[in-house]
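Please keep the sequence and the model in view while reading.

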Amino acid sequence: MACWFPARVDEASGYRYYDDAQLEAARLVAMLRQLELPLATIKKLLGCDPVDAEARIAAHWRELESAHDARRELADYLVNLLSGKRSVMYEVATREITPRGACSA
């Protein structure tokens with residue numbers, strides 16, 4: 001794969017310019033950024049064999065989905081709370097316990 005560093009960077013704007021030979025790599029980097037992968041992680045991915053890179057991307061996506069699901073539950077809870085609906089975000093159970101040092105009859 002072509003070098004993923006831009007051919008040049010505009011010093012004033014920070015805009016990156018790529019040569020035609022770099023377009024495939026630049027597009028790949030852009031797509032990986034859309035998955036919220038940090039550039040340091042992308043750099044490592046580009047050096048991996050394709051099977052390892054595939055596994056790392058899949059693992060990253062599972063983490064994103066899990067975090068998204070948790071935020072969705074929180075948002076639902078907050079919407080219900082603010083609209084006056086009584087909902088339980090977490091199930092809470094209580095039980096009686098014998099104090100330490102006390103004897104049971």
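## Salt bridges

Asp69 forms a salt bridge with Arg72, their closest N and O atoms lying 2.9 Å apart, where a salt bridge is defined as a side-chain nitrogen of Lys or Arg within 4 Å of a carboxyl oxygen of Asp or Glu. Both Asp69 and Arg72 belong to helix α3, and their spacing of 3 residues corresponds to about one turn of the helix; helices (H or I, at least four residues) and strands (E, at least two) are DSSP runs numbered from the N terminus. Asp69 is partly exposed because its relative accessible area is 36%, and Arg72 counts as partly exposed at 42%; the classes are buried for under 20% relative accessible area, exposed for over 50%, and partly exposed in between, with a 1.4 Å probe and protein chains only.

By this rule the count comes to 2 salt bridges. The side chains of Arg56 and Asp52 meet in a salt bridge with an N to O distance of 3.2 Å, and, being 4 residues apart in helix α3, these two are separated by about one helical turn. Arg56 counts as partly exposed at 41% relative accessibility, as does Asp52 at 28%. Side chains of opposite charge can pair when their charged atoms come close.

## Basis of the model

This is a predicted model, in which local features need pLDDT of at least 70 and side-chain atom pairs count only at pLDDT 80 or more, whereas totals for chains, interfaces and linings use all residues. Residues are numbered from 1 along each chain as its sequence is written, and side-chain values use heavy atoms, with hydrogens and water left out.

## Overall architecture

The chain contains 3 helices and 2 strands, which follow the order β-β-α-α-α from the N terminus on. Of its 105 residues, 11% count as buried, and the chain exposes about 9200 Å², of which carbon and sulfur atoms supply 55%; accessible areas come from the Shrake-Rupley method with a 1.4 Å probe, and for residues only the protein chains shown count as cover. Among contacts (heavy atoms within 4.5 Å) between residues at least 6 apart in sequence, 22% join residues at least 24 apart.

## Nonpolar core and its surroundings

The largest nonpolar core has 7 residues in all, namely Val29, Leu32, Leu37, Ile42, Leu45, Cys48 and Ala53, a core being a set of buried Ala, Val, Leu, Ile, Met, Phe, Trp, Tyr and Cys residues joined through side-chain atoms within 4.5 Å. Helices α1 (23–34) and α2 (39–46) each supply at least two residues of this core. In soluble globular proteins, nonpolar side chains tend to be buried together.

Leu37 touches Leu32, Ile42, Leu45 and His60, leaving aside residues up to four places away in sequence.

## Loop residues

Glu36 is found in the loop between α1 and α2 and is exposed, with a relative accessible area of 57%. Although it is not a glycine, Glu36 has a positive phi of about 65°. Most residues other than glycine have a negative phi.

Gln22 is placed in the loop between β2 (16–17) and α1, and it counts as buried because its relative accessibility is 9%. A polar atom of the Gln22 side chain lies 3.3 Å from the backbone nitrogen of Ala7.

## Nonpolar surface patch

Leu74, Leu78, Leu81 and Leu82 form a nonpolar patch on the surface, with about 390 Å² of accessible area together. Patches are made of residues with over 30% relative accessible area and no salt bridge, like charges being joined within 9 Å and nonpolar side chains (Val, Leu, Ile, Met, Phe, Trp, Tyr) within 5 Å. Leu74 lies in helix α3 (residues 50–82) and counts as partly exposed at 38% relative accessibility.

Conventions
Polar contact = N/O pair within 3.5 Å; in protein donor to acceptor, adjacent residues only side chain to side chain.
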